[in-house]
Amino acid sequence: PRRVAIIGAGHVGATAAYALLLSGLASEIVVIDLDRRRAEGEALDLQHAVPFGDPVRVWAGDYDDVASAAVVVITAGVNQRPGETRLQLLSRNVAVLRDIVSRVMAVMPDAILIVTTNPVDVLTWAAIRHSGLPPPRVIGSGTILDTARFRARLGRHFHVDPRSVHGYIIGEHGDSEVPVWSLATIGGLHIDQYRDATGEELNEATRRQIVEETRDAASHIIERKGATYYAVAAGIVRILQAILRDESTVLTVSSLIDGAYGIRDVCLSLPCIVNRDGIARVLFPPLAADEEEALRRSAQVLREAQESLA
């Protein structure tokens, strides 16, 4: 059976379990949480959705159930407060992550981990160090959501289906993230060529607005409803799909970078080929000079956060 263990029954974990259930990707979903009653409540609610989709076994379990999991998704952690950056969450979430990873490794020493807890890049780095797993088997959700927001915003601007827009947000999942305008395309045309061909406007002010809306989307959502969970849950299921179906899909997930662009021993997002082995390959696309410099600055922000864990 394709078993997926989701650790954390909060908004993100429960929504990811629901999206996974509807996707038909998994035949078993086990939900684990420190609050056992919360996990039981979510599992019971999810069980009642099964008759509307594909057969899947859903239950509230414990860490022994991780032993047979194809993938372990870590969503547990404290929520981001209004006005709080993802990096400010670090000291509050690293202890939670270390405890979870220790428990997982005790029963599944060759697990594939997907880390979604924020600040996701630093916690992905901490998970690699604490688990002892090969770096390709530890995947941070990274900028998969930022990239989706970037594509959606560009699609809205140009009145094009976002699935036809190709562009990336790389670096930190946070304030120092880097939009890669130099590689953004629609229908095989560079974004500037598409602009010229269609007569659409895309000046510097509009570019800044698109980047700001992409970067600050989570803050706006948190101000209004307290947390983000629908889109990130969809992103988690997209990563799971690439793994469980062995797709070798290119996704902007967070992984260990050790040498590319002059960056060493930092987890951040770049386009990665994801399949049943985890991260099969990290891709290093040619960047414009200002984008490469911005990526190095983003890495420095993350390195300083990592060093604070020492």
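Predicted model: local features only at pLDDT ≥ 70, side-chain atom pairs only at ≥ 80, totals over all residues.
Q: How many aromatic pairs does a search of the whole structure find?
A: The search gives 4. Rings of Phe, Tyr and Trp (its six-membered ring) pair if their centres lie within 6.5 Å; planes under 30 degrees apart count as stacked, over 60 as edge-to-face and the rest as tilted.

Q: Why is the pair of Phe-150 and Trp-181 edge-to-face?
A: The planes are at 80 degrees, with ring centres 5.2 Å apart, so the pair counts as edge-to-face. Phe-150 is in helix α5 (residues 144-158) and Trp-181 in the loop between β9 (178-179) and β10 (185-186), 31 residues apart. Helices (H or I, at least four residues) and strands (E, at least two) are DSSP runs, numbered from the N terminus.

Q: Are Phe-150 and Trp-181 buried or exposed?
A: Both are buried, meaning under 20% relative accessible area, while exposed is over 50% and partly exposed is in between (1.4 Å probe, protein chains only).

Q: What about Phe-158 and Tyr-194?
A: Their ring centres are 5.5 Å apart and the planes are at 90 degrees, so this pair is edge-to-face. Phe-158 lies in helix α5 and Tyr-194 in helix α6 (residues 191-198), so the pair ties together parts that are 36 residues apart in sequence. Phe-158 and Tyr-194 are buried.

Q: Which ring does the charged end of Arg-57 sit over?
A: That of Trp-59, 3.7 Å from the ring centre. The criterion is NZ of Lys or CZ of Arg within 6 Å of the ring centre and within 35 degrees of the ring normal. Lys-225 lies over the face of Tyr-229, at 3.9 Å from the ring centre.

Q: Switching to strands, why is β12 largely enclosed?
A: In β12 (residues 249-257), 7 of the 9 residues are buried, so the rest of the structure largely encloses the strand. β12 runs antiparallel to β13 (residues 266-275), with 9 bridges between them; strands pair if DSSP finds at least two bridges.

Q: Which residue is the bridge partner of Ile-257 in β13?
A: Val-266.

Note on methods: Residues numbered from 1 in each chain as written. Heavy atoms only, no water.
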